[in-house]
Amino acid sequence: MSETGANRRGILLVISGPSGVGKSTVVHALTERMPFHFSVSWTTRKRRPGEQDGVDYVFVDRAQFLENIASGGFLEWAEYSGHLYGTPRDAVLAHLDVGHDVLLDIENDGAGQVKNSYPEALLVFILPPSLEELERRLRDRGDTSEADIQKRLSVAAEQMDEATWKFDHTVINDQVGIVADEIVSILAAAGGS
Ligand code: ADP
Ligand code: 5GP
């Protein structure tokens, strides 16, 4: 049985996978299965319809982002598809310290940085059933421009190639409920909630 409260340090669970594979959908399914703190990232990309500032991301301009890099405010950060994304350091560490499990939804380079600075982190990569299905999901979501879809697909194959050696676990998002259950089991095996 795992310890709880301040005696137990939380588990840092990093979820990555190509854009459109279903990371946000799986994270949502996880909220119904287990308690965790979701780390809200900063980004310089534009807000999509339906996204809320401070909930989905903290939307900032490039100058604000660069300032936060300079002051050491990020646990990790990366440039992806022409935009900057980063994980605020203090909130993540504060939650881990009081025993909360913390979930990051970040791309591959950031996941690698987290593993380097925090080797206990658990890295899970979500694969699509096929590249065709990935493209269909990205397109059907209907909130990403054609040029951006092409950019995201062009890095997807490379990200997927890295999955087996860079990540602790890979799961296939065929059915959301099944992949969420798999992630709950992975976390439980590591001593999480
Ligand atoms: P990501 O966060 O990885 O970019 P999203 O969670 O936004 O991906 O999902 C991309 C699209 O794929 C959404 O329209 C979502 O409803 C759909 N989707 C997610 N998981 C599945 C699944 N298992 N089967 C079919 N469609 C899915
Ligand atoms: P999107 O623009 O579709 O929301 O996200 C694009 C990519 O950026 C996704 O792979 C997502 O996981 C990643 N991402 C989101 N937040 C962060 C972050 O804080 N750091 C890093 N490195 N990647 C992030």
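Author: A residue is near a ligand if one of its heavy atoms lies within 4 Å of it. The model is predicted, with pLDDT of at least 70 needed for local features and 80 or more for side-chain atom pairs, while totals for chains, interfaces and linings use all residues. Residues are numbered from 1 along each chain, chains are lettered from A and ligands numbered from 1 as written, and side-chain values use heavy atoms, without hydrogens or water.

Reader: Which residue has a side-chain N or O atom 2.6 Å from an oxygen atom of ligand 2?
Author: Polar contacts pair N or O atoms within 3.5 Å. The side chain of Arg 152 is 2.7 Å from a ligand 2 oxygen, and a polar backbone atom of Ile 106 is 3.4 Å from one. The 2.6 Å pair belongs to Ser 41.

Reader: What share of the area of ligand 2 does the protein bury?
Author: Alone, ligand 2 exposes 520 Å² (accessible area, Shrake-Rupley, 1.4 Å probe). The share of this area that the protein buries is 95%.

Reader: What share of the accessible area of ligand 1 does the protein cover?
Author: Ligand 1 is surrounded by 13 residues, with Gly 20, Lys 23, Thr 25, Arg 141 and Asp 174 the closest. A polar backbone atom of Gly 22 is 3.0 Å from an oxygen atom of ligand 1. On its own, ligand 1 has 570 Å² of accessible area, and the protein covers 74%.

Reader: Which residue has a polar side-chain atom 2.9 Å from a nitrogen atom of ligand 1?
Author: Thr 25 places a polar side-chain atom 2.6 Å from an oxygen atom of ligand 1. The 2.9 Å pair, with a nitrogen atom of ligand 1, involves the side chain of Asn 173.

Technical notes. A polar contact is a pair of N or O atoms within 3.5 Å; within protein, one must be able to donate a hydrogen and the other to accept it, and residues adjacent in sequence count only if both atoms are side-chain atoms.
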